[in-house]
Amino acid sequence: MTQAAKVAIVGAGIMGSAIATRLIEAKQAVAVFDLDDTKVAALTAKGAAAAASVAEATRLSSFVILSLNHADIVRSVVFGGSGVAAAASPDKLLIDMSSIDPVETARMANKLAADTGMKWVDCPLSGGVPGALAGRLTVMAGGEAADFENARTVMQHLCANYTLMGPSGAGQTTKLINQLFCAVLFQAVAEAVKLAEAGGVDPKQIPAALKGGRADSSILQEFMAKFAARDFSPTGRIDNMLKDLDSLQAFALKTKTPMPMTGQVVEIHRLLCAAGLGPRDSAEMMRLLDGKSN
């Protein structure tokens, strides 16, 4: 029988909790740290151990998974007091499943390795909570090949598609590209729904009609009927998408990459957030096109 991997989860939000739950179900030894005791308690009830600090979670584990919202938070968790670096060693591996800036990722990974010998693999994901719970995530990784393979010990329980994209930061760059496609396609789906309705076509029939053609995509198949029904049940937050799009634009500025279409979609997301819709699902785009504010 394969020995269970010792895994720390730092950040027990929606995604972190799903990742932890999947690993617990896969019989891995999971320790959890989060500032919200309620979130930790929900996971200890499933079989996780609670850690008193990030450093303690790191000491208890061979792999440390971060699931956090921003590069500043990641930096604080890794290098702050009682953080990962305080208990780091060359035999441990940090797996950052957050979606953050590629340049900052590479900078922090280099610092952690130089200061402690602990390596870092950036592993942002696509597939959301359903993908995590089913072990069907798509993960795009950045780091050294040996560390990528070491991380597979854990990622094999979480991923259906796990790909090394290049050195540190390359996974985060690929995630930005993923978010570019998602954001632009969500807007395209919303506009297509309105055009279909204006032309007397049932938009819910469009996915079946276009299936297998060049316009087909998983977003079309999964979301067009949802948008058409004005189904606002949560599958992801607009403000989280805007956070990723802001990172995308910042990276594009650093690299002098023109992104005219993406720029328009970013401003639409910013408008939605300004209207108070940031915490809600991407289907809320329909309210904007319908001329409604709530």
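Predicted model: local features only at pLDDT ≥ 70, side-chain atom pairs only at ≥ 80, totals over all residues.

User: How many aromatic pairs does a search of the whole structure find?

Analyst: The search finds 4 aromatic pairs. Rings of Phe, Tyr and Trp (its six-membered ring) pair if their centres lie within 6.5 Å; planes under 30 degrees apart count as stacked, over 60 as edge-to-face and the rest as tilted.

User: Why is the pair of Phe-148 and Tyr-162 called stacked?

Analyst: The ring centres of Phe-148 and Tyr-162 are 4.1 Å apart and their planes stand at 20°, so the pair is stacked.

User: What makes this pair a tie between parts of the chain?

Analyst: Phe-148 belongs to helix H7 (residues 145-155) and Tyr-162 to strand S9 (residues 159-166), so the pair ties together parts that are 14 residues apart in sequence. Helices (H or I, at least four residues) and strands (E, at least two) are DSSP runs, numbered from the N terminus.

User: Why does Phe-148 count as buried?

Analyst: Buried means under 20% relative accessible area, exposed over 50%, and partly exposed in between (1.4 Å probe, protein chains only). Phe-148 has 6% relative accessibility and therefore counts as buried.

User: What makes the pair of Phe-186 and Phe-223 edge-to-face?

Analyst: The planes of Phe-186 and Phe-223 are 85° apart, with 4.9 Å centre to centre, and the pair is edge-to-face. Phe-186 lies in helix H8 (residues 170-198) and Phe-223 in helix H10 (residues 218-228), so parts that are 37 residues apart in sequence are tied together. Both Phe-186 and Phe-223 are buried, and ring pairs link Phe-186, Phe-223 and Phe-227 into a cluster.

User: Which other residues of H10 are buried, and against what do the buried residues pack?

Analyst: The buried residues of H10 include Ile-219, Leu-220, Met-224, Lys-226 and Ala-228. The buried residues of H10 pack against H8, helix H9 (206-210) and helix H13 (285-290).

User: How do you know that the charged end of Arg-287 sits over the ring of Phe-232?

Analyst: A charge sits over a ring if NZ of Lys or CZ of Arg is within 6 Å of the ring centre and within 35 degrees of the ring normal. The charged end of Arg-287 sits over the ring of Phe-232 at 4.0 Å from its centre. Likewise, the charged end of Lys-111 sits over the ring of Phe-79, 5.3 Å from its centre.

User: Why is H8 called roughly perpendicular to H12?

Analyst: Two packed helices are described by the angle between their axes and the distance between the axes. The axes of H8 and helix H12 (residues 260-274) come within 10 Å and cross at roughly 70°. That makes H8 roughly perpendicular to H12. Axes are lines fitted to C-alpha atoms, for helices over the stretch in contact, and angles run from 0 to 180 degrees between N-to-C directions; angles under 35 degrees count as roughly parallel, over 145 as roughly antiparallel, 65 to 115 as roughly perpendicular and the rest as oblique.

User: Which residues of H8 and H12 meet?

Analyst: Leu-180, Ala-183, Val-184 and Gln-187 of H8 meet Met-261, Thr-262, Val-265, Ile-268 and His-269 of H12, where contact means heavy atoms within 4.5 Å. The residues of this contact of H8 with H12 divide into 6 nonpolar, 3 polar and no charged. Here Ala, Val, Leu, Ile, Met, Phe, Trp, Tyr, Cys and Pro count as nonpolar, Asp, Glu, Lys and Arg as charged, and the others, Gly among them, as polar.

User: Why is Arg-230 called partly exposed?

Analyst: Arg-230 has a relative accessible area of 23%, so it is partly exposed. Arg-230 is in the loop between H10 and H11 and has a positive phi of about 50° although it is not a glycine.

User: What makes Lys-256 exposed?

Analyst: Lys-256 reaches 74% relative accessibility and therefore counts as exposed. Lys-256 is found in the loop between H11 and H12, and its phi is positive, at about 55°, although it is not a glycine.

Technical notes
Residues numbered from 1 in each chain as written. Heavy atoms only, no water.
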